[in-house]
Amino acid sequence: MKVLTHRLADIDPILYLLNDDGSPTTTVIIHGASFRDAFCFRPDPDEYRCWISRAQLKGRIYLLSWRSGFWSYNPVRWVPNFFAVEDNAHRLGRSLKNVLSKLRSRPLRRFTLIGHSLGAHVITSGLLNNEWRDIGLYKVILLGAAIGEKDYEEHTGRQFWRRCLSQVRHRIVNCYSRYDVYLWRRKFLRRDQLECVGRARASHLSPRIHNISFTGRLPDWADHDYFVCFDRVMNRVYPNRIRSTAYQVEAICDCPWCDNTVMVNANQDDYCPYCNITFEYRTRDDLPYWAYEPQEIDCPWCEMETIVVQEPGVERCSRCRRQFEFDRRGSEVRYSEI
Ligand SMILES: [Zn+2]
Ligand SMILES: [Zn+2]
């Protein structure tokens, strides 16, 4: 039997549905290449899931996860590798409409594409190489786009923007930072004279291009990470927006009791799957809180087992299997037989 391999097998795009609150809008978010620990692998979709959840966007929210192909920190290898990575972004872009065709089983209303860094490159390649008018692409949001206006050989800067605008019904939002170090490196590596889209205002003037400056306002040293502060970025892209209260915010944090890294529902009580203690992780200050501090006590029956108690209630000793009820006032703990 002949085996057919997918032509994007090495990029392996996967669409994750992050939330659906029933509102008639669809947003697909495309991440860039990971500079963290996932050079040759897929960046952790759970991290993006948590950052994106903080913005509580309305409608159906998807993450398009892909493998950029980064595999080396070595600066000698970095240069040829970077061109291969850009090529992968370009290949994914050309097939983007095809990849998103899975979503069309339900009507796409107010369909928005958001791309960060090379993920924005994926979108512009998609806009230049496919017809999007039949899909009804409503809005495109570029965050620190790792692409130059004149990188597509057959287009001047003006033609590039006009072609992108012709595929979008509403507007293109260009979020940029003049201090963006990674995009400066791209320019340096390619010996380009021109800035990346993600480092400057669009050169083409149009009421349908909205430039938003994040210069010096992003939390990382390279002024490039729009995901860590995704909520704040969305507040500027959509002023006066209404948050989706049905969107559960999630967070990855260290359990304050056992120190294991866990993913929890934030801003409400949740429990650690390793040690079972209950705590609330608040995204307002990124700290864990608990209503009852956990306390280690010896089993009042056999005195041979240590039990972690938290809120008042009934506990059972796993060694002698007997139950007891306990109550606490401050640090004072009382037990009673049941
Ligand atoms: Zn724990
Ligand atoms: Zn016991």
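Two residues are in contact if their C-beta atoms, placed from the backbone, lie within 7 Å. That idea runs through much of what follows. The structure is a predicted model, so local features need pLDDT of at least 70 and side-chain atom pairs count only at pLDDT 80 or more, while totals for chains, interfaces and linings use all residues. Residues are numbered from 1 along each chain as its sequence is written, and chains are lettered from A and ligands numbered from 1 in the order in which they are written.

First, the overall picture. The protein has seven helices and 17 strands; these are DSSP runs numbered from the N terminus, with helices being H or I over at least four residues and strands being E over at least two. Its C-alpha atoms fill a box of roughly 80 × 55 × 45 Å along the principal axes. Out of 338 residues, 34% are buried. Here, buried means that 20 or more other C-beta atoms lie within 10 Å of a residue's own C-beta, exposed means 12 or fewer, and partly exposed is in between, with C-beta atoms placed from the backbone.

Six residues of domain 1 touch five residues of domain 2, going by the contact rule.

Now for the inside. A nonpolar core is a set of buried Ala, Val, Leu, Ile, Met, Phe, Trp, Tyr and Cys residues joined through C-beta atoms within 7 Å. The largest one here holds 69 residues, and I52 and L142 touch the most other members. Because domain 1 and domain 2 both give residues to this core, it lies between them. Beyond its neighbours within four places in sequence, I52 is in contact with L18, I29, I61, L63 and F230.

F230 also turns up in helix α7 (residues 230–237), where F230, V233 and M234 are buried. These three cover an arc of only 95° around the axis, which puts them on the same side of α7; the arc is that of the directions from the helix axis to the C-beta atoms. What do the buried residues of α7 pack against? They meet α1 (45–53), β5 (137–143) and β6 (171–176).

Strand β6 has a partner too: five bridges join β6 to β7 (residues 209–213), and the two run parallel. Strands count as paired if DSSP finds at least two bridges between them. On the way from β6 to β7 the chain passes through helix α6 (residues 181–189), making a right-handed β-α-β crossover. Right-handed means that, with the strands pointing away from the viewer, the path from the first strand over the helix to the second runs clockwise. Within this pair, C175 stands opposite I212 in β7.

Helix α6 includes L189, which is partly exposed, with 13 other C-beta atoms within 10 Å. The C-alpha atoms of L189 and F82 are separated by 8.8 Å, although these residues are 107 apart along the chain.

S117 is not a glycine, yet its phi is positive, near 55°. S117 sits in the loop between β4 (111–116) and α4 (118–129) and is buried, with 31 C-beta neighbours inside 10 Å. D12, also not a glycine, has a positive phi near 50°. D12 lies in the segment before β1 (14–20) and is exposed, with 12 other C-beta atoms within 10 Å.

Methods
Domain bounds come from an automatic or database domain assignment.
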